[in-house]
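Subject: Structure handover

Hello,

Here is the structure for you to look over. My notes follow below it.

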Amino acid sequence: MPMNKSYGFGRIISTIAFAMCLKIAPLPTIFAVYNPDWVLLTLIYWSLAMPERVGVFHAWTFGLLTDVLTGRMFGQYALAYSLVIYLCLSLHRRLRQLPFIQQALFIFFCLLLSQLLLFFIKNIQYTAELKPTFWLPIFVGTLCWPLVYTLLRFVRLAKPIKTD
Amino acid sequence: MASIALLTTEHINFRLAPVRAALSLAVDPIKYLVDLPTETMSRINYSIRSYSSLREENKKLSEKQSLNQIRLLKYEALEKENIRLRALLENSFDLGEQVLVAELLAVNIASPYENIVVVNKGTRFGVHPQQAVVDANGIVGQIFRALPYSSEVMLITDPNHAIPVQVNRNGLLTIAVGSGELNRLNLPFLPDNADIRPGDLLISSGLGGTFPQGYPVAVVDTFAPPANKRITATPKALLDRNRELMIVWSDKKPVSLAPSQSPKQNEAEDHANE
């Protein structure tokens, strides 16, 4: 892997843009309740794989963009994402050694933390209802983690395009 | 910590709106990108329709158009009469509404529990928050955030939305609160002896100033007579099926008592409709 600083930035941006697309994809309501937080999953992957490239600041920036994209109050996703990424960064050495299942468990707690924070902030603004389907994206996100991991690993290790 | 500061700042005032507008320039392309497949599909659908079906549709539409024209003739006369009568009563009347046709973007920005949709017209077209949004059948919702190239519309069925309505039959005023489901509005603020029946048409009352007066909103559902507590209504607008919406500019300045001003306003309205 080349060690120069600018390596992979285009890939990070494009994968996160793609994750944002998935986040706002027009699914019917039956599936929409399952739609996990793709942006957070992508950010977690990049922060584990390249902690020197993706930090809390990046998480905060992309969180802010997600806020704008989804029409939330400013800083909601930014706060949740930066906290989760802070956790990932401080634990990334240990996490890389863990078997897949334990990693997925950690991802589960990350998603749970972010979802609960978002719900908490929303509840401050106006009364939000906690429905049983609220928990589904977390489980689906955890199940999707192996997929995200493999795909993004493929993206990360693919040969750089000549024109870059 | 910065995000907590941001959260509180935006909770208190709206000074961050330009920042949001600037950031939205970076993310709005994503909305259009996600919308692209749906858009392409509808275009393809449109272009491969057969000649005969198009001709049939054309015939139907022109029939409908002439019917509507006749109705409009009558409506204009009624409107003039109404203004005259109101002048007699020394009352003022809101007129002169302009509309802008906006198209829904097929994106799903909010969580499934909120009824918020995105349309493809923003502040570049002069859209501003708290404008009413209607479709051909009735009121759809209101603009609650306008970005440069898109704006977010809160539907009347959103749990955090309430619209002042009036029973068309007898003028009874009440408030319709969103239920979170696209086909139901709740009417929680009615007394037990309120004169309301299943099938009553609810129109917007114009109180509160956000929604123009007199647009159909919903039809009251059937309910068991003693249970006046939980009356629901079905929205008239096709909230989940329509792709084309209209954003309404209603003239906040009431028309003065002089009836001579009304033809000009009608002209302006006709111009806007064209």
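Buried residues account for 36% of the 164 residues in chain A. Buried means 20 or more other C-beta atoms within 10 Å of the residue's own; exposed means 12 or fewer; partly exposed is in between, with C-beta atoms placed from the backbone.

This is a predicted model: local features need pLDDT of at least 70, side-chain atom pairs count only at pLDDT 80 or more, and totals for chains, interfaces and linings use all residues. Residues are numbered from 1 along each chain as its sequence is written, while chains are lettered from A and ligands numbered from 1 in the order in which they are written.

Chain A fold

Chain A has seven helices and zero strands. Its elements run α-α-α-α-α-α-α from the N terminus. Helices (H or I, at least four residues) and strands (E, at least two) are DSSP runs, numbered from the N terminus. Of the contacts in chain A with a separation of 6 or more, 68% are between residues 24 or more positions apart. Two residues are in contact if their C-beta atoms, placed from the backbone, lie within 7 Å.

Where the chains meet

The contact takes 28 residues from chain A and 28 residues from chain B. On the side of chain A that touches chain B, helix 1 (9-23), helix 2 (29-32), helix 4 (56-70) and helix 5 (76-97) of chain A each supply at least two residues. Helix 4 of chain A gives the most, with six residues. By class, that side of chain A has 20 nonpolar, six polar and two charged residues. Nonpolar covers Ala, Val, Leu, Ile, Met, Phe, Trp, Tyr, Cys and Pro; charged covers Asp, Glu, Lys and Arg; the others, Gly among them, are polar.

One helix pair

Helix 1 of chain A packs against helix 2 of chain B at about 60 degrees, with axes 9 Å apart. Axes are lines fitted to C-alpha atoms over the stretch in contact, and angles run from 0 to 180 degrees between N-to-C directions. A:A17, A:M20 and A:C21 meet B:I30, B:L33 and B:V34 here.

B:I30

B:I30 lies in helix 2 (residues 17-47) of chain B. Leaving aside neighbours within four places in sequence, B:I30 is in contact with A:A17, A:M20, A:C21 and A:L69.

Best wishes
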